[in-house]
Amino acid sequence: MRDLKARLDRIVGRVTMYRQMTIVLAALVVVAFVASAVGQLFYTPLELALSLVALLVSTVVTGWIIARIVRTKAHVESSVITALIAFFVFIPVGDVSGLLVLVLAGTIASASKYVVAWRERHILNPVAVAAIVIAATALGVAGWWIANPVMLPFVAIGAFLILWRNRRLSVGLTFLVLATVILTVRFVTVGMGAGEAVALAYTSFPMVFLAGFMLSEPLTLPPRRWQQLLVAAIVAVLFSVPYQLGPVFSSPEIALAVGNVVAFAFGQRGALRLALVGSRQLTPTSTEYTFEARRPVRFRAGQYLELALPHRGVDSRGSRRAFSLTSSPSDPRRVSIGVRHTGGGVRSSSYKSALASVSPGSKLRATWVGGDFVLPSDASTPVVLVAGGIGITPFISQLADRSAGGSAPSDMVLVYAASSAEELAYADELVAAGIRVLVTGPASADGLPPTWEHLGAGRVSSERLAAAIPDLASRHGYVSGSPGFVDHVTGELRRAGARRIRTDAFAGY
């Protein structure tokens, strides 16, 4: 099972979540055209093609124009994703009047990212906004035609891949389970069989599509997992329970919009403007970048931010990446991140190459701050931290936070895995923290601080962990690193007796 998870992580981690979303949605478009061509969909290939073009052109052009007006760089891929989602929400048409409505829908969706926004961060899902406006003006309705038996298997596969990549499976499942239960009860109470009721729920309601492709949008989700689950539950209830408040009827788009508003109340409101202060070399293959924030950055130690870096020649890894914060929340206007630049003669991504060339004073934008990789609120709780390479970064923030708050991390043990002693980043900070550090990976203890213990070469094993940390079963475990490293170490920790383990996998890093 661990090998399967690691293989899946490697596959989905080859591209950014935005590129993956584009690829999956494009694949669904191809499936729709094939199904239409063989007579499995009500809509003709011509209607699909005309509708797709109308939405793509309107969203991309609108996004580009508004970006020029507000003097920012257009995120074309985001506009394409919006158009592809809208393609499955609005009913395909072939007449001129219908296509003009789709053009208007695409324009509204794209413009809403700038208009229905707070401090450069949009509040509502763009397609939901377009659907609400189109319905409110009586120009049409969102048909959500993606909900049909032919498309369901492909939508389910795509939704799973998206939710897996974004670490949002629990959010999607919470929505699906609650919505399924409510809809099934509704249908059973009017005389339908349970099996027939479930089948109707999944083939006639856009539950899977909404969960995988819209509810999971990072920018309209709150930062903490419990908050995300609460939003998923709220959307599920509003999605599944019919109601009417004056001229307002229940609909998927309204349910999602209400969830977005609740999420906005929880999170970092607005995008963050950052100015690069400087950088320093951590190891031969890693660098720390420090930024000054225009306004305070609200975060908890162990969380991460998504940093946007528009640049020329963007490759498949995209222009937005997520990095764990290494600074302490006690200084909210100065934030830092640790970045591993590919070594060993392997070409770095276009994003990291562009980041390495950014000069001090340059302005960047962070679009999202969140995560649940936080230490217990009780500083006396014994913990074991396991870091793989640059996976040390969230722990540096946590140690700095504990130190700034006057909480001595007296019962922390850090297991640090690296290929060599020179690849152990933040060694000075770890020595100053005074915690117990166990190093695994290097062939010998040469080059290690004298107080650190060398566990030997090779991978982390349950035998080594149990021998070095006898009270492991009583500690809360935290594992950070690449997906493969996290999967392996989590299994070894469990075999060694640990039960409470929290992970932070750097998917696609």
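**Note on the predicted model**

1. Fold content. The protein has 17 helices and 16 strands. The model is predicted, and the points below should be read with that in mind.

2. Overall dimensions. The radius of gyration is 24 Å. A compact globule of 509 residues would come out near 23 Å, so the two values agree. Along the principal axes, the C-alpha trace spans about 75 × 55 × 40 Å.

3. Burial and surface. Of the 509 residues, 55% count as buried. The accessible surface comes to about 21300 Å². Carbon and sulfur atoms own 62% of that surface.

4. Contact range. Take the contacts between residues at least 6 apart in sequence. Of these, 73% join residues at least 24 apart.

5. Charges. The protein carries 46 positive and 29 negative charges.

6. Main core. In soluble globular proteins, nonpolar side chains tend to be buried together. Here the largest nonpolar core holds 74 residues. Which members touch the most others? They are Phe88, Phe90, Phe175, Phe209, Phe213 and Met214. Helix H2, residues 17-37, supplies the largest share of this core, with 10 residues.

7. Phe209 in detail. Its neighbours within four places in sequence are left aside here.

8. Second core. A separate core of 24 residues is also present. Among its members are Leu385, Phe395, Val437 and Leu448.

9. Ala138 backbone. Ala138 is not a glycine, yet its phi is positive, at about 60°. Where does Ala138 lie? It sits in the loop between helix H6 (126-136) and helix H7 (152-165). Is Ala138 buried or exposed? Its relative accessible area is 69%, over the 50% cut-off, so Ala138 counts as exposed.

10. Tyr426 backbone. Tyr426 is another residue other than glycine with a positive phi, near 60°. Tyr426 belongs to the loop between strand E12 (412-417) and helix H15 (427-433). Its relative accessibility is 3%, under the 20% cut-off, so Tyr426 counts as buried.

11. The two sites side by side. Ala138 and Tyr426 both have positive phi values. Both lie in loops. Ala138 is exposed, whereas Tyr426 is buried.

Definitions and conventions:
Residues numbered from 1 in each chain as written. Predicted model: local features only at pLDDT ≥ 70, side-chain atom pairs only at ≥ 80, totals over all residues. Heavy atoms only, no water. Helix = DSSP H or I, 4+ residues; strand = E, 2+ residues; numbered from the N terminus. Rg over C-alpha atoms; globule rule 2.2 N^0.38 Å. Buried < 20%, exposed > 50% of the residue type's maximum accessible area, 1.4 Å probe, protein only. Contact = heavy atoms within 4.5 Å. Areas by Shrake-Rupley, 256 points an atom, 1.4 Å probe, with all protein chains shown as cover. Lys, Arg positive; Asp, Glu negative; His and termini not counted. Charge placed at Lys NZ, Arg CZ, Asp CG, Glu CD. Core = buried A, V, L, I, M, F, W, Y, C linked by side-chain atoms within 4.5 Å.
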